[in-house]
Every structure is written in structure tokens, then in C-alpha cells.
Amino acid sequence: MSKRSAVAALAAGAMVVVLTACGSGGGGSADKGSGGNSPGGKLVVGFSQVGAESGWRTANTKSVQESAKKAGIELKFSDAQQKQENQIKAIRSFIQQKVDVIAFSPVVESGWDTVLKEAKDAHIPVVLTDRAVDSKDESLYASFLGSDFVEEGRAAGDWLVKEYAAGSGEVNIVQLEGTTGSAPANDRKSGFADAVKGQPKFKIVASQTGDFTRAKGKEVMQAFLKSQPKIDVLYAHNDDMALGAIQAIEEAGKKPGTDIKIVSVDGVKDALTAMSQGKINFDVECNPLLGDQLMDLVKKVKAGEQVPRRIKTEEGTFTPEQAAAALPNRQY
Ligand code: GZL
């Protein structure tokens with residue numbers, strides 16, 4: 001059973017415009033000079049979310065919104081619909097609104113220095129959550145709270161190596177990658193490749209982005225099934241793409257989990273259900289319930305306290321037996 005840092009979970013994203021999702025309009029910290037315009041001294045946090053592309057993302061949004069409410073923090077929430085330009089617009093809007101802290105999950109790793117410098121010049125601290133940026137200027141954000149995606153990819157690869165330890169025949173792998181340029185896609189790919197390197201029997205015969213969505217995961221898996229004469233394993237960077245791929249595999253008259261083994265990442269309820277039906281063979285947990293930790297972090301940052309540069313979330317893995325045991329109480 002995977003270890004889990006316990007934090008609450010909340011419901012769905014909003015449009016790309018900046019919405020005040022929580023809080024009764026209570027006070028900010030205007031007198032603190034670095035922003036915060038909510039009367040009554042409430043901490044005001046601007047949060048730019050990637051989008052609403054997957055079950056994981058929905059659970060993450062719920063967690064952030066519910067935790068903000070619980071912490072008495074006014075949350076200005078923006079859903080970027082997986083577009084970097086929308087996140088940059090939202091961050092600029094937060095700066096204009098003089099929020100106390102900006103928190104965001106960067107949809108891709110690159111291209112953030114300019115807007116983060118604008119936040120720094122406005123004396124508004126920034127916290128990264130879920131995904132990282134590749135900026136070399138560490139002064140542009142106070143902390144990064146999120147998973148180690150390389151470790152997740154490595155865990156998926158390690159399982160595969162064990163699963164095929166006995167056999168000697170070639171193992172043809174197809175890979176559904178996450179959003180191009182995103183930290184989870186880059187790192188889950190490299191961690192997996194690291195785990196299977198030096199094992200000549202493993203061949204990644206096709207690899208393409210499914211953009212972390214079910215629809216795209218199904219579409220790309222359909223193409224793989226047409227173009228690849230033999231597929232033994234699917235490695236999906238998230239469960240939503242794996243679930244879409246399962247539809248494609250079944251429509252092609254094959255049995256997911258048997259004819260084509262599936263290893264995925266996230267550990268959302270729908271995937272654990274598929275596991276209990278024998279359709280997914282292994283799932284690496286990626287914990288979306290970051291809300292409480294994030295609110296604690298933004299409070300410390302606003303108060304000028306020292307915070308760790310990197311806060312790694314606790315996560316585990318699921319076998320089918322563990323999935324069946326976890327399902328009854330699964331929050332998302
Ligand atoms: C990982 C997160 C990824 C999930 C996907 O922390 O950024 O984005 O694995 C989600 O399900 O779309």
C-alpha cells in the first residue's frame with residue numbers, strides 16, 4: 001500500500017480568466033507593501049493551474065481550493081487550459097492585483113524567466129507546485145513542492161525489468177508521453193529509459209505524446225496498433241492516457257493487461273479500478289493532494305520564514321492486489 005501524505009481534495013478548474021475561487025473577500029496584506037488587497041488581512045494567493053486535462057489534475061485542483069478555504073486564504077484561481085501564454089497572462093494579472101504570493105504549476109519547463117522577473121520586481125514571492133521550471137535563476141521562486149518524476153519513471157522501468165526477468169525474448173514497448181516540454185514528460189521518460197538501459201531485450205519501438213489526455217492517448221494508441229507489428233508493453237506517462245489506450249486496445253480485439261501489459265503513472269481511482277479488472281499491471285503513484293502543504297508553504301513564504309528550496313511529495317506504487325485494497329477508500 002502506497003504511503004500517502006494526507007491532505008484534503010477539491011473539485012474542478014475554472015476558465016482562463018482569473019477567478020476568486022475561495023474566501024469571502026476577506027482581508028489581504030496591503031499594508032505589508034508587497035501586495036495583498038483583500039480587506040481584513042486575509043492572505044491573497046494567485047494560483048495558475050495547468051488545466052483540467054486529467055483525473056489527477058481535477059484532484060489537484062480540488063485539493064488546492066479546499067485547502068485554501070480551510071486555511072482562510074483568499075485564492076484567485078486561473079485555469080490555463082494547458083497553454084503557457086494563459087499562465088503568463090494570469091501571473092501578470094496577479095501582479096497587477098498585488099497578490100501576496102503567486103503559486104503555479106508550470107505547464108512546460110521553459111520560458112518563465114521574464115514573467116517571474118516581473119513578479120520579483122513587484123516583490124511578490126513565487127512558489128512552484130507539481131511541476132518545475134528549468135530557470136537557472138534560483139531567486140525567481142522560493143520553493144518547489146512536487147513529485148520526483150525521474151523516480152516515478154525509474155519505478156515503472158524497474159517493475160518492467162523484474163516482470164520480464166525470466167524471459168529472454170525481445171520486449172517491444174510503446175510509450176505514451178505526457179505534454180511535450182513538461183517536467184513530468186521529460187523526467188518520466190528519462191527515468192524509465194535509465195531503468196531499462198543495459199537490458200537489450202527491451203526495445204522502445206514507438207514513442208509519442210498523448211498530452212496527458214484520454215482522447216489523445218486513445219488516438220495515439222490506435223496509431224501504434226496500426227504501425228507496430230508486435231507490441232508487448234505500453235508505458236503511459238499518466239493514467240488518463242493509459243485508460244484511453246485501453247479503449248483502443250479492446251477495440252482492436254486485444255486484451256489490455258494480458259496481450260499488451262500496461263504500466264502507468266498517477267494512481268487515480270479509474271486506473272486502480274482498471275487494475276482490479278486486470279487491465280493495468282502496475283501503477284506508480286503521483287500524489288495530487290498537495291493543497292495543505294502548499295497553503296502551509298505560502299504562509300511561511302509570506303511571513304518571510306526560511307523554507308526548503310525543494311519539498312518532495314511522498315508516493316508509492318500499486319500492484320493489482322494493492323489497488324484492490326486501496327479502492328474502497330480512494331479519494332480521487
Ligand atoms: C504530475 C502532473 C501530471 C499528471 C497528469 O505531477 O503534472 O499532469 O501525471 C497531469 O495526470 O495531467
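Modeller: Let's start with a helix pair: α1 passes α9 in a right-handed crossing. Right-handed is when the near helix is turned clockwise from the far one by less than a right angle, left-handed when anticlockwise. Helices here are DSSP runs (H or I, at least four residues), numbered from the N terminus.

Colleague: Before we go on, what kind of model is this?
Modeller: This is a predicted model, where local features need pLDDT of at least 70 and side-chain atom pairs count only at pLDDT 80 or more, while totals for chains, interfaces and linings use all residues. Residues are numbered from 1 along each chain as its sequence is written, and side-chain values use heavy atoms, with hydrogens and water left out.

Colleague: Thanks! At what angle do α1 and α9 pack?
Modeller: About 50°, with the axes of α1 and helix α9 (residues 291-302) 8 Å apart. That makes α1 oblique to α9. Oblique covers whatever is left once angles under 35 degrees (roughly parallel), over 145 (roughly antiparallel) and 65 to 115 (roughly perpendicular) are taken out. The axes are lines fitted to C-alpha atoms over the stretch in contact, and angles run from 0 to 180 degrees between N-to-C directions.

Colleague: Which residues of α1 and α9 meet?
Modeller: From α1, S63, V64, S67, A68 and K70; from α9, G291, D292, L294 and M295. Contact is heavy atoms within 4.5 Å. By class, this α1 and α9 contact has 4 nonpolar, 3 polar and 2 charged residues. Nonpolar is Ala, Val, Leu, Ile, Met, Phe, Trp, Tyr, Cys and Pro, charged is Asp, Glu, Lys and Arg, and polar is the others, Gly among them.

Colleague: New topic: how many cavities of 30 Å³ or more are there?
Modeller: The count is 1. A cavity is a set of points on a 1 Å grid over the protein atoms alone where a 1.4 Å probe fits but cannot get out, and lining residues have an atom within 4 Å of a point. The largest cavity holds about 100 Å³ of space.

Colleague: What lines the largest cavity?
Modeller: 13 residues, with W56, R57, R131, R188 and F212 nearest its centre. Helices α1 (55-70) and α5 (183-196) each supply at least two of the lining residues. The lining has 5 nonpolar, 2 polar and 6 charged residues.

Colleague: Back to helices. How do α6 and α7 cross?
Modeller: Helix α6 (residues 214-227) and helix α7 (residues 239-251) cross at roughly 45°, their axes coming within 7 Å. So α6 is oblique to α7. This crossing is right-handed.

Methods: 1 Å grid on protein atoms, 1.4 Å probe; cavity = no way out; pocket = protein on both sides within 12 Å on 5 of 7 lines; lining within 4 Å. Points joined across faces, edges and corners; volume = space filled by probe spheres on them.
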